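Hi everyone, thanks for coming. Please have a look at the structure on the screen, and then I'll walk you through a few places in it.

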Amino acid sequence: MFKRWLLALLARVGLIVLGLCCSLLLFYFLACKPTSRRGQQSLQWSAGATSKEGYMALLQEREDTHRHYINSLTKQIAQLKEALQERTKQLQESLEKAKTRGILPKGLESLHKTPTQTDLKDFFLSQLNQAEVTSGVQVASEYAVIPFDTFTLRRVYQLETGLTRHPEERPVRRGRRDELITTVETALHVLNGPRQHAHSGRGKRTYSPSDFIEGLTRTERNRGTVYELLFKGDGPQDFTQLSLFRPFGPVLKVKSERVAASSMLINIIVPLSKRPDAFRQFISNFREVCIQQDGRVHLTVVYFGRDQVDQVKVLLDQTTRKTQFRGFTLIQLNEEFSRGRGLDVGARAWRHSPNVLLFFCDVDIHFTADFLTSCRLNAEPGKKVYYPVLFSQYNPSIIYSNQTLPPSIQQQLVMRKETGFWRDFGFGMTCQYRSDFLNIGGFDRNIRGWGLEDVHLYRKYLHSKLMVIRCPSSGLFHLWHEKSCADELPPDKYKMCMQTKAVSEASHGQLAEMLFRRDIQVHLSSKK
């Protein structure tokens with residue numbers, strides 16, 4: 001019985017609200033209807049027959065009339081709001097009674113709940129209770145433990161160093177630096193606040209940044225970041241420890257849009273000098289991925305010198321005859337090889353359309369169709385550029401030394417710590433629109449030979465307002481090749497070249513086996 005009464009009440013409330021809205025629309029149309037033809041004729045006649053003062057008086061009369069309409073509509077809207085609030089209050093009371101009696105119809109629970117300002121606070125407290133802050137949680141193994149980073153006012157000590165970070169370093173990234181400074185400032189504010197002194201029961205003491213000893217911090221990706229801060233106390237063995245927690249809020253929708261990648265052409269630019277065997281391998285991958293699978297690419301080869309250029313032309317001609325693909329451009333420069341110069345010339349030589357997506361590539365790069373999709377989706381003119389981190393292979397002769405012949409290229413494209421590493425110190429492979437490349441100033445044309453040109457361009461984008469998308473790519477591989485560092489290179493470039501050569505040979509474990517091979521063999525022989 002009560003359910004039927006409640007549903008009838010809801011229906012009546014809905015009809016009343018609908019009637020009020022219709023009345024409001026009716027009043028609006030009556031008040032805002034255009035002036036009749038007769039009124040327009042009267043205005044024209046009056047303007048022509050009276051003086052300037054009469055015309056102004058007529059305008060004032062019109063203004064008063066419209067003001068009267070506006071005031072009337074304002075009162076009506078206020079009355080409708082008041083009536084709507086009254087009906088809403090009645091509905092909430094009815095729902096409250098229904099919930100008390102346990103007969104609230106299914107589906108109306110959300111109507112009964114009124115959002116309050118404490119909802120967000122309750123959510124943050126739930127994040128704190130679920131995070132590993134006040135007590136430990138069970139983990140599956142030692143690999144599941146999230147380690148802390150240790151920090152002071154000047155240094156950060158971290159376990160996850162990668163190839164470009166150091167075990168001890170200054171917090172260079174502004175966001176990281178501001179985060180730690182803000183945390184220490186918040187801790188000082190808490191320690192120097194009135195509540196802290198009231199709870200301590202001691203005399204008032206003012207803490208300063210010099211009292212901060214060190215802190216621990218770690219982030220649980222779905223909960224938040226915890227900070228354990230240690231400050232000096234009143235004596236040599238007296239300390240003050242403070243725990244802070246920065247909770248993560250709920251996931252918010254930022255945007256949802258469709259991206260038509262079918263019309264995005266990619267101009268792949270490859271600077272080249274000699275190395276016909278490497279180019280033959282590159283063209284084989286290009287045929288399979290770009291021509292057979294993707295089909296929305298153009299290849300620009302910038303060749304330095306004349307030696308072996310005929311072999312490059314033959315490979316391009318053979319590809320055209322076999323596949324009917326004609327999206328090739330060969331630019332020949334009779335000068336010393338410079339990667340930055342070649343990419344710059346290839347980008348500026350584009351004439352087929354006002355703008356195009358560029359992929360700066362090398363001849364020893366292997367990519368997949370999925371990477372081309374990522375290239376299209378992560379670059380946007382005037383907004384963002386894509387700097388993927390590729391997976392660099394170790395020397396196959398070392399990795400597969402226990403096999404008679406190394407496996408094929410396709411079989412070598414596996415991502416394990418024994419087969420390669422994320423080349424996070426390299427910035428040469430990038431996807432960006434030609435307009436952004438030209439607006440940023442392109443490459444430094446004064447750089448010759450190997451290295452540094454990609455770093456300079458990368459820093460230009462970091463100093464601009466464009467977003468840099470930097471992330472590992474599972475479809476981009478650097479195939480191992482013998483690297484020679486020329487003696488004529490400057491000391492800084494020569495050192496960089498030798499470091500790259502060293503980290504590209506094998507993993508630490510594999511290099512250790514090579515270094516201690518004799519000791520290992522002696523040990524194995526003694527066990528026989």
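Let me start with a question: which residues line the second largest cavity? They are Gln-393, Tyr-394, Pro-396, Ile-399, Tyr-400, Gln-412 and Thr-419.

Before going on, a word on what you are seeing. This is a predicted model, where local features need pLDDT of at least 70 and side-chain atom pairs count only at pLDDT 80 or more, while totals for chains, interfaces and linings use all residues. Residues are numbered from 1 along each chain as its sequence is written, and side-chain values use heavy atoms, with hydrogens and water left out.

Back to the cavities. A cavity here is a set of points, on a 1 Å grid over the protein atoms alone, where a 1.4 Å probe fits but cannot get out, and lining residues have an atom within 4 Å of a point. Volume is the space filled by probe spheres set on the points, with grid points joined across faces, edges and corners. The structure has 2 cavities of 30 Å³ or more.

The largest cavity comes to about 80 Å³. Around it you'll find Arg-423, His-478, Trp-480, His-481, Glu-482, Lys-483, Lys-501, Ser-504 and Glu-505. That lining splits into 1 nonpolar, 3 polar and 5 charged residues.

Now the overall picture. The chain has 18 helices and 15 strands, taken as DSSP runs numbered from the N terminus (helices are H or I, at least four residues; strands are E, at least two). Of its 528 residues, 35% count as buried; buried means under 20% relative accessible area, exposed over 50%, and partly exposed in between, with a 1.4 Å probe and protein chains only.

On to a helix pair. How do H8 and H11 pack? Helix H8 (residues 276-294) and helix H11 (residues 369-377) pack at an angle of about 70 degrees, with axes 9 Å apart. Axes are lines fitted to C-alpha atoms, for helices over the stretch in contact, and angles run from 0 to 180 degrees between N-to-C directions. H8 and H11 are therefore roughly perpendicular, a label that covers 65 to 115 degrees. From H8, Val-289, Cys-290, Gln-293 and Asp-294 meet Ala-369, Leu-372 and Arg-376 of H11, where contact means heavy atoms within 4.5 Å.

Next, a few single residues. Is Asp-149 buried or exposed? Asp-149 is buried, at 19% relative accessible area, and sits in strand S1 (residues 149-151). Leaving aside residues up to four places away in sequence, Asp-149 touches Tyr-157, Gln-158, Leu-159, Arg-176, Gly-215, Leu-216 and Thr-217.

Finally, some backbone angles. Most residues other than glycine have a negative phi. Lys-274, though, has a positive phi near 60 degrees; look for it in the loop between strand S7 (266-272) and H8. Lys-274 is partly exposed, at 42% relative accessibility. Gln-324 also has a positive phi, near 60 degrees, and lies in the loop between helix H9 (309-323) and strand S9 (328-333). At 57% relative accessibility, Gln-324 is exposed.

Methods:
Angles under 35 degrees count as roughly parallel, over 145 as roughly antiparallel, 65 to 115 as roughly perpendicular and the rest as oblique. On a 1 Å grid over the protein atoms alone, a cavity is a set of points where a 1.4 Å probe fits but cannot get out, and a pocket is an open set with protein on both sides within 12 Å along at least five of seven lines; lining residues have an atom within 4 Å of a point. Ala, Val, Leu, Ile, Met, Phe, Trp, Tyr, Cys and Pro count as nonpolar, Asp, Glu, Lys and Arg as charged, and the others, Gly among them, as polar.
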